[in-house]
Amino acid sequence: MPLERSVPLSVLDLAPVVEGGTPAESFRHTMELARLAERLGYNRYWLAEHHNMAGIASSATSVVIGYVAGGTKRIRVGSGGIMLPNHAPLVIAEQFGTLESMYPGRIDLGLGRAPGSDQSTVRALRRDLRTHGEDFPELLSELRHYFNPPEGEYMPVRATPGEGQQVPIWLLGSSGFSAKLAGELGLPFSFASHFAPEYLMQAIHLYRSSFRPSGALAKPYVMIGVNIVAADTDEEAQFLATSQQQQFLSLIRGRPGKLKPPVADMDALWQPHEREALRSKFQFGVIGAKAAVENRLQEILGDTMADELIVTSQIYDHQARLRSFEIIAEAGGLQAAD
């Protein structure tokens, strides 16, 4: 049955590299999925910054955003997110000013404050480990000044392209820090409930209770991440989901790798405590056929009153992944584009 309250659905793509595959193949799959998402009526297509992970190809996030935007026509394309402490704010202003100049009205800039990797990689990225994200508000303020310098203020350094560009800025988070900051600044907020579901409700409450209207946003706007593995039968979905379960298992054990093929029996791979840890990560997700997806989306929207959902679906077989997003679009009541 149709959802009682429909909201926009979007895609979060980690550009997965599967066992036996290559980043080049992953990017071809990303483009195919983005074009399908556009046809199906998804609202935005975001890519995530991660580093030193063999199973994720979107480390050069701005480059991949340009690739996807250039191969699509209408869907919004952006970052979910750029980890701002890894970069000079001027560079991000120039990169996203360039993207907005090329694809006007279609670029989103989602920002996070985590490193997106391990400490050795952070050292390679930042060279200076004295910051642990505490300076994120200052970096964000600097970035916003490059896009919109105060009238009459002398700016010895300007972002070109970038200055004057109206690139929507989102704050992303998995705790209360960015939720409160997004509320105080009047910015849209996206919560990473696809991997930190235990903090979702308190972060949403903190965001909404601290929200102050701004020139960017008149009222709170919350988008939450949802893990969904959909297939034509519940049994097939459960089988396909074992690839993502193996991926989480590898992260828990500190051995991240490429996305593995599905297996018939996860009990042969995980310990009971690992199984429970993985189940907790799927609190705001669903594995199943269309009816199960519809029911769970209804529950999530009722519990959170989210304004938008952004879906990640880590599936080894590319055609099965495309089919998953087709089923999710049907369950979410999306209208296919002409």
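Residues are numbered from 1 along each chain as its sequence is written, and side-chain values use heavy atoms, with hydrogens and water left out. In this predicted model, local features need pLDDT of at least 70 and side-chain atom pairs count only at pLDDT 80 or more, while totals for chains, interfaces and linings use all residues.

Visitor: How many residues does the largest nonpolar core have?

Guide: A nonpolar core is a set of buried Ala, Val, Leu, Ile, Met, Phe, Trp, Tyr and Cys residues joined through side-chain atoms within 4.5 Å. Buried means under 20% relative accessible area, exposed over 50%, and partly exposed in between, with a 1.4 Å probe and protein chains only. In the largest core, the residues with the most contacts inside it are Y42, L109, L111, I224 and L309. This core has 72 residues.

Visitor: Which residues is L309 in contact with, leaving aside its neighbours within four places in sequence?

Guide: Contact means heavy atoms within 4.5 Å. By that criterion, L309 touches V7, P8, L9, S10, M223, I224, V226, L297, I300 and L301.

Visitor: How many residues form the other core, which lies apart from the largest one?

Guide: Among the members of this other core are A237, L278, I315 and A320. Its total is 14 residues.

Visitor: Are helices α3 and α5 roughly parallel or oblique to each other?

Guide: Helices (H or I, at least four residues) and strands (E, at least two) are DSSP runs, numbered from the N terminus. Helix α3 (residues 89–102) and helix α5 (residues 136–147) pack with axes 9 Å apart at an angle of about 40 degrees; axes are lines fitted to C-alpha atoms, for helices over the stretch in contact, and angles run from 0 to 180 degrees between N-to-C directions. Angles under 35 degrees count as roughly parallel, over 145 as roughly antiparallel, 65 to 115 as roughly perpendicular and the rest as oblique. The two helices α3 and α5 are therefore oblique.

Visitor: How do the residues of the contact of α3 with α5 divide by class?

Guide: P89, L90, I92, A93, F96 and G97 in α3 meet L139, E142, L143, Y146 and F147 in α5. Ala, Val, Leu, Ile, Met, Phe, Trp, Tyr, Cys and Pro count as nonpolar, Asp, Glu, Lys and Arg as charged, and the others, Gly among them, as polar. The division is nine nonpolar, one polar and one charged.

Visitor: Which residues of α1 and α2 make the contact between these helices?

Guide: The axes of helix α1 (residues 23–40) and helix α2 (residues 61–70) come within 9 Å and cross at roughly 45 degrees. That angle makes α1 oblique to α2. The contact is made by F27, R28, T30, M31 and A34 of α1 with V64, Y67 and V68 of α2.

Visitor: Where is a cis peptide bond found in which proline takes part?

Guide: Most peptide bonds are trans. With omega about -5 degrees, the cis bond to proline joins T160 and P161.

Visitor: Is A15 buried or exposed?

Guide: A15 is found in the loop between β1 (9–13) and α1. Although not a glycine, A15 has a positive phi of about 45 degrees. Its relative accessible area is 0%, so A15 is buried.

Visitor: Is N52 buried or exposed?

Guide: N52 lies in the loop between β2 (44–47) and α2, and its phi is near 60 degrees. At 58% relative accessibility, N52 is exposed.
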